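Subject: Structure for you to look at

Hello,

Here is the structure I promised. Please open it beside this email and follow along.

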Amino acid sequence: MDEETVERVRDVIGSIPPGQTLSYGEVAELAGLRSARLVGRILAEDGSDLPWHRVLRSDGRAAPHLAVEQAARLRAEGVLMVDGRLPREHRRR
């Protein structure tokens with residue numbers, strides 16, 4: 001994966017304001033990519049300094065291995081998960 005792609009994804013994620021979320025697909029779309037999975041890969045490899053917790057699955061859930069920490073970080077920003085999921089009314093799509 002090229003550096004320009006990584007930077008576009010990083011820019012989109014870095015611009016998500018506190019208290020808001022995007023799905024992996026929305027990040028991909030805003031970065032001009034076709035693959036939401038690529039966003040996840042970039043976050044896994046180069047996202048520890050980003051607000052990674054503001055990126056959720058399209059169904060509003062966190063990745064299982066990050067769910068507890070992600071929910072805690074979102075809660076600190078005023079975003080409350082219900083039964084492990086961002087309520088539909090708070091999702092963009």
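Start with the buried residues of α1: Thr5, Val6, Val9, Arg10, Val12 and Ile13. Buried means under 20% relative accessible area, exposed means over 50%, and partly exposed is in between (1.4 Å probe, protein chains only). The six cover an arc of only 160 degrees around the axis, which puts them on the same side of α1. That arc is taken from the directions from the helix axis to the C-beta atoms. On the other side of α1, Glu3, Glu4 and Asp11 are exposed.

A word on where this comes from. The model is predicted, so local features need pLDDT of at least 70 and side-chain atom pairs need 80 or more, while totals for chains, interfaces and linings use all residues. Residues are numbered from 1 along each chain as its sequence is written, and side-chain values use heavy atoms, with hydrogens and water left out.

Helices (H or I, at least four residues) and strands (E, at least two) are DSSP runs, numbered from the N terminus.

**More on α1**

What covers its buried residues? The cover of α1 includes β1 (22-23), α2 (24-30), α3 (36-46) and β2 (55-56). The length of α1 also checks out. Expected span is 1.5 Å times one less than the number of residues. For the 12 residues of α1 (residues 3-14) that gives 16 Å, and the end C-alpha atoms are 16 Å apart, which agrees. At the start of α1, a side-chain oxygen of Asp2 comes to within 3.1 Å of the backbone nitrogen of Glu4. A polar contact is a pair of N or O atoms within 3.5 Å; within protein, one must be able to donate a hydrogen and the other to accept it, and residues adjacent in sequence count only if both atoms are side-chain atoms.

Arg10 lies in α1. Its relative accessibility is 14%, so Arg10 counts as buried. Contact means heavy atoms within 4.5 Å. Leaving out residues up to four places away in sequence, Arg10 touches Asp46, Gly47, Asp49 and Leu50.

Now look at Gly47, in the loop between α3 and β2. At 4% relative accessibility, Gly47 counts as buried too. Apart from neighbours within four places in sequence, Gly47 contacts Arg10, Ile42 and Trp52. Gly47 and Ile13 are 34 residues apart along the chain, yet their C-alpha atoms are separated by 9.0 Å.

**Helix α3**

In α3, Val39, Ile42 and Leu43 are buried. They cover an arc of only 100 degrees around the axis, which puts them on the same side of α3. Residues three or four places apart point the same way because an α-helix has 3.6 residues a turn. The face turned away from the buried side of α3 carries exposed Arg37, Ala44 and Glu45. Cover for the buried residues of α3 includes α1, α2 and β2. At the start of α3, a side-chain oxygen of Ser35 reaches to within 3.2 Å of the backbone nitrogen of Arg37.

Which way does the phi of Asp83 go, positive or negative? Positive, at about 55 degrees, although Asp83 is not a glycine. Most residues other than glycine have a negative phi. Asp83 lies in the segment after α4 (67-76). With 72% relative accessibility, Asp83 counts as exposed.

Best wishes
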